[in-house]
Amino acid sequence: RGNHSDEKIEALKAELAVFLKTQPENSRNIQQHLVGFLNVLLDRINTLVWVDKIGSSFFIVISVQDGKNMVVWALHQSLNRLRHQASKVVGHFLTNREQVSLLGLPKVLEEDVKDFIPTHGE
């Protein structure tokens, strides 16, 4: 995370989520896209990005000129269970994690729902 603002971290998460929905398999495309996006977001040139595909997920290391590096896990979540599908639907109607406790869901579902709450106000 380095000293990057919450807004920049959230913008990175949102951009990565959107990009992975459209091109989820190609780590080279992810790397090239993130370099361009981060150079604009962080107002830097020469941002370095390493992307390692691990199974269906990605481990991403971002190195910027001032040494404020970031490490990102982009985890693939299978939606082959009704529980995950329902959590995704509920999560997309919420705007923050605190709202989950107000729903009266079983505790075992609360974390699943939190995983699907949009991070950029979709």
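Residues are numbered from 1 along each chain as its sequence is written, and side-chain values use heavy atoms, with hydrogens and water left out. Because the model is predicted, local features need pLDDT of at least 70 and side-chain atom pairs count only at pLDDT 80 or more, whereas totals for chains, interfaces and linings use all residues.

Helices (H or I, at least four residues) and strands (E, at least two) are DSSP runs numbered from the N terminus, and two strands are taken as paired if DSSP finds at least two bridges between them. On this basis, 3 strands form an open sheet with antiparallel pairing, in the order β1-β2-β3. Neighbouring strands are turned by 15° against each other on average, direction ignored; axes here are lines fitted to C-alpha atoms, for helices over the stretch in contact, and angles run from 0 to 180 degrees between N-to-C directions.

Strand β1 and strand β2 (residues 57-63) run antiparallel and are joined by 7 bridges. Within this pairing, I54 has S57 of β2 as its bridge partner, and W50 stands opposite V61 in β2. The hairpin of β1 and β2 has 2 residues between the strands, and G55 takes a positive phi near 65° there.

Helix α1 (residues 6-22) packs on the sheet, touching β2 and β3, and its direction makes about 35° with that of β3; contact means heavy atoms within 4.5 Å. Helix α2 (residues 27-41) lies across β1, β2 and β3 and runs at about 150° to β1.

Helix α3 (residues 82-91) and helix α4 (residues 107-115) pack at an angle of about 60°, with their axes 8 Å apart. The two helices α3 and α4 are therefore oblique to each other, a class left over once angles under 35 degrees (roughly parallel), over 145 (roughly antiparallel) and 65 to 115 (roughly perpendicular) are set aside. The contact is made by R83, H84, S87, V90 and G91 of α3 together with V108, L109, D112 and V113 of α4.

A search of the whole structure finds 4 salt bridges, each defined as a side-chain nitrogen of Lys or Arg within 4 Å of a carboxyl oxygen of Asp or Glu. One of them links E10 with K13, the closest N and O atoms being 3.4 Å apart; both residues lie in helix α1, 3 residues apart, about one turn of the helix.
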